[in-house]
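Look at the sequence and the model together.

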Amino acid sequence: MSVSENYNFKKIERKLSKYLDEDRYQHTLGVMMTSACLAMAHGFEDIAKAQLAGLLHDCAKCIPNDKKLKICKKQNISVSAIEEENPFLLHAKLGVYIAKAKYDVADADVLEAIRYHTTGRAGMSDLEKIVYIADYIEPGRYKAAHLPYIRKIAFENLDLCMYEILKDTLEYLEKSPNNIDLETKEAYLFYKSKIETIYS
Ligand code: DGI
Ligand code: FE
Ligand code: FE
């Protein structure tokens with residue numbers, strides 16, 4: 001059975017709109033739509049999984065930082081030193097918990113896409129890549145460098161697109177190198193080597 005038969009998108013949207021501020025909710029709708037478009041472009045059979053992961057990827061974003069840390073402690077969710085310093089990073093791990101507990105999501109692929117949408121990781125699934133990329137390129141985004149180029153390649157080559165986004169993200173984060181998560185670094189090195197192997 002496909003995800004679309006199991007989930008009531010309108011009901012999830014209504015609930016999410018109560019837990020997210022207006023800008024975050026509009027961003028979330030942009031990520032849902034962009035994830036669906038990317039899933040179509042890359043030949044997915046089940047685009048509903050991409051829609052659902054896009055819709056819920058930031059479901060924990062608007063929890064205040066002190067509460068984020070409290071919930072992690074209570075739910076035995078591990079918090080690294082970097083996450084302790086930058087609690088906003090926890091909205092990805094917490095998003096998994098909230099998606100399961102509050103939105104009844106059980107699909108492991110969807111939960112994994114939520115989990116890795118901020119840092120990425122080495123060896124991501126195509127669904128994980130799609131949500132990570134959609135988060136960066138949805139129509140409401142305008143601040144990142146090279147957006148027209150990155151938006152174009154998103155529909156052509158997911159690995160190249162991951163490499164370009166991670167490269168720009170690390171460049172942006174370089175001002176505070178102690179705050180860079182190991183997962184982000186590993187993701188960058190993984191997609192860099194993948195792209196170099198293909199194009200060498
Ligand atoms: O939640 P959103 O704002 O929609 O997007 P997101 O969850 O992808 O978070 C984006 C921010 O996360 C962006 O400013 C770059 C930052 N980021 C990504 N990897 C790392 C990171 N920040 C730190 N401190 N460390 C990382 O490894
Ligand atoms: Fe996020
Ligand atoms: Fe987001």
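Which residues are the protein donors of the iron ion (ligand 3)? They are His27 (NE2), His57 (NE2), Asp58 (OD) and Asp135 (OD), lying 2.2 Å from the ion. Donors here are N, O and S atoms within 2.8 Å of the metal (3.2 Å for Na, K and Ca), and because water is not among the atoms, sites may look incomplete. This is a predicted model, in which local features need pLDDT of at least 70 and side-chain atom pairs count only at pLDDT 80 or more, while totals for chains, interfaces and linings use all residues. Residues are numbered from 1 along each chain as its sequence is written, chains are lettered from A and ligands numbered from 1 in the order in which they are written, and side-chain values use heavy atoms, with hydrogens and water left out.

Along the sequence, the donors of ligand 3 follow the spacing H-x29-H-D-x76-D. Two of them show how distant parts of the chain are linked: histidine 27 belongs to helix H3 (residues 22-41), and histidine 57 to the loop between helix H4 (47-56) and helix H5 (65-74), 30 residues apart. Helices (H or I, at least four residues) and strands (E, at least two) are DSSP runs, numbered from the N terminus. Histidine 27 counts as buried because its relative accessibility is 6%, and histidine 57 is buried with a value of 0%. Buried means under 20% relative accessible area, exposed over 50%, and partly exposed in between (1.4 Å probe, protein chains only).

The other iron ion, ligand 2, is coordinated at 2.1 Å by Asp58 (OD), His91 (NE2) and His117 (NE2). In sequence these donors are spaced D-x32-H-x25-H. Aspartate 58 bridges ligand 2 and ligand 3, and the two iron ions lie 3.6 Å apart. Here too distant parts of the chain are linked: aspartate 58 is in the loop between H4 and H5, whereas histidine 117 is in the loop between helix H8 (108-115) and helix H9 (126-137), 59 residues apart. Aspartate 58 has a relative accessible area of 2%, so it is buried. Histidine 117, also at 2%, counts as buried.

Now turn to ligand 1. It is surrounded by 19 residues, and the closest are Thr118, Arg141, Asn179, Asp181 and Thr184; a residue belongs to these surroundings if one of its heavy atoms lies within 4 Å. A nitrogen atom of ligand 1 lies 2.8 Å from a polar backbone atom of asparagine 179. The elements that give two or more residues to the shell around ligand 1 are H3 and helix H11 (158-173), and H11 gives the most, with three residues.

Some single residues remain. Aspartate 104, in the loop between helix H7 (90-103) and H8, has a positive phi of about 55° although it is not a glycine. With 63% relative accessibility, aspartate 104 counts as exposed. Histidine 146 has a positive phi near 55° as well; it lies in the loop between H9 and helix H10 (147-154) and is partly exposed at 49%.

Notes
A polar contact is a pair of N or O atoms within 3.5 Å; within protein, one must be able to donate a hydrogen and the other to accept it, and residues adjacent in sequence count only if both atoms are side-chain atoms.
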